[in-house]
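The following exercises concern a single protein chain.

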Amino acid sequence: MKVIVVGASGAVGKAAAEALASRHEVIRVNRSSGDLTMDIEDVDSIRAMYQQVGRVDAVVSAVGHGHFGSVDAMSGEQFMLGINHKVLPQVNLVLVGLDHVNDGGCFTLTSGVLNRDPIRGGSCAAAANGALDGFVLGAAVDMPRGIRINSVSPEVLEVSRERYDGFFRGHYHVSNEAVALAYSKAVEGCQTGQVYTVDFG
Ligand SMILES: NC(=O)c1ccc[n+]([C@@H]2O[C@H](COP(=O)([O-])OP(=O)(O)OC[C@H]3O[C@@H](n4cnc5c(N)ncnc54)[C@H](OP(=O)(O)O)[C@@H]3O)[C@@H](O)[C@H]2O)c1
């Protein structure tokens, strides 16, 4: 299969891309490095990326960030950071990508643990994750030409332990291997409308 992985230089995307590359042609797309560069927050940039790559069988997205801070100190603008930097870019990757994915192909988006196991200051991220997981559930029944859509929702990765040090007390840190299995099932499996949680392993 020909597979685009957006965010392939990041913690999550690297785990997905490395596993898939052993069996498929993987095109790594990041903001500033990789086989191709793209700004996923710019729809024209998404369009240009798909035109350069041509038709593909699978698209994986592992990008996004939002606002961290207590709900009683959060503005509406800060809340929207999760929508604008995590939800909308990944949704646009699907909307623009539909014409470039082969029959029976698939999209895999990335959400995260915070809408099922919250931490303080995580309401913006929780909302973004919930929006993405809800989108794949709703979109799955609408997808044309047998195209599937799923999300992967990991716990904090072991490789990201230091980055989030102190914020996820008591949370399990998952291995790259466990994360890679979820992307493998999403891309190489047969299900649609699923949220693949990775809480252990
Ligand atoms: N890490 C974790 O433990 C964890 C756990 C659960 C969920 N998640 C979620 O997984 C997603 C990825 O997280 P991560 O930790 O892997 O992030 P990361 O290590 O910071 O990597 C981010 C990746 O996205 C790319 N990127 C950033 N902005 C972009 C843009 N505007 N256009 C195109 N590519 C862009 C980066 O490319 P450049 O390097 O070129 O900028 C990089 O490849 C996020 O939604 C995060 O919430 C992460």
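Two strands pair if DSSP finds at least two bridges between them. Helices (H or I, at least four residues) and strands (E, at least two) are DSSP runs, numbered from the N terminus. The model is predicted, so local features need pLDDT of at least 70 and side-chain atom pairs count only at pLDDT 80 or more, while totals for chains, interfaces and linings use all residues. Residues are numbered from 1 along each chain as its sequence is written, and side-chain values use heavy atoms, with hydrogens and water left out.

**Exercise 1. Describe the sheet and the pairing of strands S1 and S4.**

Step 1. The open sheet holds 7 strands in the order S3-S2-S1-S4-S5-S6-S7, and their pairing is parallel.
Step 2. Strand S3 (36-37) and S7 are the edge strands, each pairing on one side only.
Step 3. Strand S1 (residues 2-6) pairs with strand S4 (residues 56-61) in the parallel sense over 4 bridges. Val-6 has Ser-61 in S4 as its bridge partner.

**Exercise 2. State which strands helices H2 and H5 lie across.**

Step 1. Axes are lines fitted to C-alpha atoms, for helices over the stretch in contact, and angles run from 0 to 180 degrees between N-to-C directions. Contact means heavy atoms within 4.5 Å.
Step 2. Helix H2 (residues 43-53) lies across S1, strand S2 (25-30), S3, S4 and S5, at about 155° to S1.
Step 3. H5 lies across S1, S4, S5, S6 and S7, at about 170° to S6.

**Exercise 3. Characterise the packing of helix H1 against helix H5.**

Step 1. The axes of H1 (residues 11-21) and H5 (residues 176-188) are 8 Å apart, and the helices pack at an angle of about 65°.
Step 2. On the H1 side, the contact includes Val-12, Ala-15 and Leu-20; on the H5 side, Val-179, Tyr-183 and Glu-188 are among the residues involved.
Step 3. By class, this contact has 9 nonpolar, 2 polar and 1 charged residues. Here Ala, Val, Leu, Ile, Met, Phe, Trp, Tyr, Cys and Pro count as nonpolar, Asp, Glu, Lys and Arg as charged, and the others, Gly among them, as polar.

**Exercise 4. Decide whether His-24 is buried or exposed, and locate the residue.**

Step 1. Buried means under 20% relative accessible area, exposed over 50%, and partly exposed in between (1.4 Å probe, protein chains only).
Step 2. His-24 has a relative accessible area of 15%, and is therefore buried.
Step 3. His-24 is in the loop between H1 and S2. Leaving aside neighbours within four places in sequence, His-24 contacts Met-1, Val-3 and Glu-188.

**Exercise 5. Find the aromatic pairs and classify their geometry.**

Step 1. Rings of Phe, Tyr and Trp (its six-membered ring) pair if their centres lie within 6.5 Å; planes under 30 degrees apart count as stacked, over 60 as edge-to-face and the rest as tilted.
Step 2. The whole structure contains 2 aromatic pairs. Tyr-164 and Phe-168 are edge-to-face, at 5.7 Å centre to centre with 75° between the planes. Tyr-164 is partly exposed at 29%, whereas Phe-168 is buried at 9%.
Step 3. Tyr-172 and Phe-200 are also edge-to-face, at 5.2 Å centre to centre with 65° between the planes. This pair links distant parts of the chain, 28 residues apart: Tyr-172 is in the loop between strand S6 (148-154) and H5, and Phe-200 is in the segment after strand S7 (195-198).
Step 4. Tyr-172 is partly exposed at 39%, and Phe-200 is exposed at 62%.
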